[in-house]
Amino acid sequence: MKRVLIAGETNKTANYESALRRLGMEAETSLHVPSTCIYDGLILPGGGDIDPRLFGQLPNGTRFFDPELDRLQMEILNAFVLDKKPVLGICKGMQLVNIYFGGDMVQHLSESAAHEYREKDQLHMTVAMEGFLRDIYGESFVVNSAHHQGVDRPGQGIKYVQFATDGVVEGLCHCHLPVFGVQWHPERLCAPQSPCAQQMRGIPKGPCAQQKCGIPQRLCTSQQEFPLARTEKEKAIDGAKLLAYFKELL
């Protein structure tokens, strides 16, 4: 069984762990990693804002952040990148990936009203460029979001591959490493009876999956803390398909 590290706080990752286990992965949450060799891959989960000093800025719209947490997550990310193991960044995790490779951030999006958490996740249409997300979901599809910050200048080797219709970046990948990220929350779009979760079928195996390259807030404690009405959730894609794609890379 593939073993995945979730680099987060142990009391805030229940739905990440549940989503991974339904897909047949062993999930462990920790910020203290003695060695990456015991894990097959890394998930950088969602969370709060990011310390602006990590991307060379003074606070200008950033709300609540935890500098110690940010640096621990960056250290863990560094270890997995050096070992060239698959990394999936989700929401804040995607932003940390971009910062790690030298990119920066918009501390408060002018378009934030359409993206930030307001009693529930926001649903909106996105467009995917050529790459892993288009292979999985097609050219355009609906995702959820719960953020007010966003990536700005891409880091070295980072390619933006998914955009909301207002231009906000929703997905990225590294051009040469098995490192990718999404601004949305696939773990909150995994229905227990998802056909993907039940059978793990139908995930494209394009060049990225074969070569393992060019792939391409605060953490929630349970699905119920970030509700989506059933009629709304039906509009969005099945997040289990992205997590299953991640499993294929391990």
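This is a predicted model: local features need pLDDT of at least 70, side-chain atom pairs count only at pLDDT 80 or more; totals for chains, interfaces and linings use all residues.
Biologist: Which element gives the largest share of the largest nonpolar core?

Modeller: That core has 37 residues, and Ile43, Phe132, Leu133, Phe180, Trp184 and Leu242 have the most contacts inside it. Elements giving two or more residues include β1 (3-6), α1 (14-22), β4 (87-90), β11 (179-182) and α8 (239-249). The largest share is seven residues, and it comes from α8.

Biologist: Which residues of β4 point the opposite way from Val87 and Gly89, and are they buried or exposed?

Modeller: Val87 and Gly89 point one way from β4. Leu88 and Ile90 point the other way, and like Val87 and Gly89 they are buried.

Biologist: In β11, what is the bridge partner of isoleucine 90?

Modeller: Happy to trace that one. β4 pairs with β3 (residues 41-44) in parallel through three bridges, and there leucine 88 partners isoleucine 43. β4 also pairs with β11, again in the parallel sense, over four bridges. In β11, the partner of isoleucine 90 is valine 182.

Biologist: Which hand does the β-α-β unit of β3, helix α2 and β4 have?

Modeller: Helix α2 covers residues 67-82 and belongs to this unit along with β3 and β4. The strands β3 and β4 run parallel. The unit they make with the helix is right-handed.

Note on methods:
Residues are numbered from 1 along each chain as its sequence is written. Side-chain values use heavy atoms; hydrogens and water are left out. A nonpolar core is a set of buried Ala, Val, Leu, Ile, Met, Phe, Trp, Tyr and Cys residues joined through side-chain atoms within 4.5 Å. Buried means under 20% relative accessible area, exposed over 50%, partly exposed in between (1.4 Å probe, protein chains only). Two strands pair if DSSP finds at least two bridges between them. A crossover is right-handed if, with the strands pointing away from the viewer, the path from the first strand over the helix to the second runs clockwise.
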